[in-house]
Amino acid sequence: MSFLLLFWEYFQIGLFTIGGGYAMIPMVQQMVQKHGWLTQAELLNFMGIAESTPGPFSINLATFVGMKVGMAELGVFGGVLGATIATVGVVLPSLVVIVVVTKILNKFMQNKWVKGALNGIRPVVVALILSAVVSVVLEVILPNFSVKQTVAKLLQTIGLPSDQFQQQWQGFAEQSFGEFNWVSLLLVCVISPFAFVKIGNKKINPVFLILASGVLGLLVFGVFGVQQ
Amino acid sequence: MNKQKVSLWQLFWTFFKTGAFTFGGGLAMISILEEQLVAKKKWMTSQEMLDMIVIAESTPGVIAVNSATHVGYKLRGIAGALLATLGIVLPSFLLMIGLYFVVDAFQGNVWYNAFFAGIQCCVVALIANAFVKMSKLVQWNALSIAMFAISFVVSTATNFNVIFLILIGALVGIVATFVQGKKQQLPIDNALDQKQGGAQ
């Protein structure tokens, strides 16, 4: 059953993301969480690998997620099957759409309704990517804190008398903020500028940046044994 | 353009190489495709390349894959679309399956964890970078800022399905076009044309 679900989920992701691979991240996050296929930390590792290997980021990620889901079901064979299913699922919608659009290219791109729809979609896609930034930052720095859970908790407790309200929140806050990875925060601050600066006319190669960050992680967390 | 001269094998092989040797996703791939398809092989003109970018960015799916499908279809029809798509996807697919076993073998290892703890910090920065890049493609005005803000809050704070957010965005964009049409002015269209011309 996981295979059908996997196909359907990735088909939807392929159909509804406009603006490329990064726009898919929030949907992939929602998907793996909903079905309990991967933890957010695992997904983040996968994203690091997908980013530092050749090929389109989201195809790499889909193959990896498919492997993981399929392996859990049917071993190695299942893994390869899952990878195939996820990849085909994510590619299929655009394959059909592109062939149709290419056929009617000029009419399609000049159509003011199409332009209008795209103008409306772009700010949403950008917001989704920012939302992905927030969630990965939290995952790295405050792994037990969840904006969604906090909001849900707030809505639940907002009418309660103040002593109960306090009681409810005390444990929640302890749990949410219990693990604070200040070293990771520091690393994010050190690494981030390099993702944005240009040397000469060129950005630093992200593959190099990822590998350098890995080595930095090895040094800080491995060699010096700083608590993660 | 010499449609007849491009064989299906050439098409597949060109995109296979592109898939195997480009890092950094769709936008990085576009510059490589441009060098390959326009400058070197002369399969397409610059104008056709520009069309390709606009289509790849404004249709659903992965930009790199969309580009391959579009070029393949243009040069050799359905068979071309299928083979170009297969070509661009296959290297990632094979590589990632192989890599999965390596990763799986090391999972839980202290050094593996340390290495990936560092990488996670970098992924944060790279996604932030993608956000900055993408935000430059938006026509910022009161409406788009409002939609941006609402979508951000909803997708960050609730479990609302993001697919509906995208559909709502498209709907709002269409309604806005309708309202603007009533006012007999379409400055957004012109601005968008310029933007897409410059998106290269």
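Predicted model: local features only at pLDDT ≥ 70, side-chain atom pairs only at ≥ 80, totals over all residues.
Close-up 1. The residues of H1(A) that are buried are A:Leu6, A:Glu9, A:Tyr10, A:Ile13, A:Gly14 and A:Phe16. Helix H1 itself covers residues 2-16 of chain A, and because its 15 residues should span 21 Å at 1.5 Å a residue, the separation of 21 Å between its end C-alpha atoms agrees with expectation.

**Close-up 2. The contact between chain A and chain B.** On the two sides of this contact there are 95 residues of chain A and 89 residues of chain B. The side of chain A that touches chain B receives the most from helix H6 (residues 112-141) of chain A, which gives 25 residues, and the residues on that side divide into 61 nonpolar, 29 polar and 5 charged.

**Close-up 3. Packing of helices H6 and H7 within chain B.** Helix H6 (residues 142-157) and helix H7 (residues 162-182) of chain B pack at an angle of about 165°, with their axes 11 Å apart; angles over 145 degrees count as roughly antiparallel, and H6(B) and H7(B) are therefore roughly antiparallel to each other. The crossing in which H6(B) passes H7(B) is right-handed. H6(B) makes the contact through B:Leu143, B:Met147, B:Ser151, B:Val154 and B:Ser155, while H7(B) contributes B:Val162, B:Leu165, B:Gly169, B:Val172 and B:Ala176. Among the residues of this contact of H6(B) with H7(B), 7 are nonpolar and 3 are polar, with no charged residue.

Conventions
Residues numbered from 1 in each chain as written. Chains lettered and ligands numbered in written order. Axes fitted to C-alpha atoms, helices over the stretch in contact; angles between N-to-C directions. Helix = DSSP H or I, 4+ residues; strand = E, 2+ residues; numbered from the N terminus. Parallel < 35°, antiparallel > 145°, perpendicular 65-115°, else oblique. Left-handed = near helix turned anticlockwise from the far one by under 90°. Contact = placed C-beta atoms within 7 Å. Nonpolar A, V, L, I, M, F, W, Y, C, P; charged D, E, K, R; others polar. Expected span 1.5 Å × (residues − 1). Buried ≥ 20, exposed ≤ 12 C-beta atoms within 10 Å, placed from the backbone.
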